[in-house]
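Please look at the structure first.

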Amino acid sequence: MINPSDLSTNNSIPEKKSFRKQNLEAHYSKKGRAGKPVTVIKNFMGSKDEMKGLAKILKNKCGVGGSVKNEQIIIQGEHRDKITLILEGMGHSVKRVGG
């Protein structure tokens, strides 16, 4: 049985970095990548550090690699559904594009 007082004193959960709500697009692409599928997140408005921080969160939650190039977050593999759920959980609205 879970004691409610234990939940309020549990400091082991790291605080999530907050981002302002944005309208993002999750694209599926294989072009120019030797046929390897990737998920590309476009329309993120923020500093380079914020974009890198969001990319790191997405890569960790999907368990894959990726990068930030040309104002886009590139995640290896086709993970649009999972990424959409993660971003919507953070308060962003996400439009699924392509594929």
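## Helix packing and the sheet

H2 and H3 pack at an angle of about 125°, with their axes 10 Å apart; helices (H or I, at least four residues) and strands (E, at least two) are DSSP runs numbered from the N terminus, and axes are lines fitted to C-alpha atoms, for helices over the stretch in contact, with angles running from 0 to 180 degrees between N-to-C directions. H2 is therefore oblique to H3, given that angles under 35 degrees count as roughly parallel, over 145 as roughly antiparallel, 65 to 115 as roughly perpendicular and the rest as oblique. Contact (heavy atoms within 4.5 Å) is made by the residues tabulated here.

| Helix | Residues in the contact |
|---|---|
| H2 | Leu54, Leu58, Lys61 and Cys62 |
| H3 | Lys82, Ile83, Ile86 and Leu87 |

An open sheet of five strands, with mixed pairing, has the order E3-E4-E2-E1-E5, where two strands pair if DSSP finds at least two bridges between them. Strand E3 (66-69) and strand E5 (93-97) are the edge strands, each pairing on one side only. Strand E1 (residues 23-29) runs parallel to E5 and is joined to E5 by five bridges, and His27 has Val97 as its bridge partner in E5. Helix H3 (residues 80-89) packs on this sheet, touching E1, E2, E4 and E5, and its direction makes about 165° with that of E5.

Residues are numbered from 1 along each chain as its sequence is written, and side-chain values use heavy atoms, leaving out hydrogens and water. As the model is predicted, local features need pLDDT of at least 70 and side-chain atom pairs count only at pLDDT 80 or more, while totals for chains, interfaces and linings use all residues.
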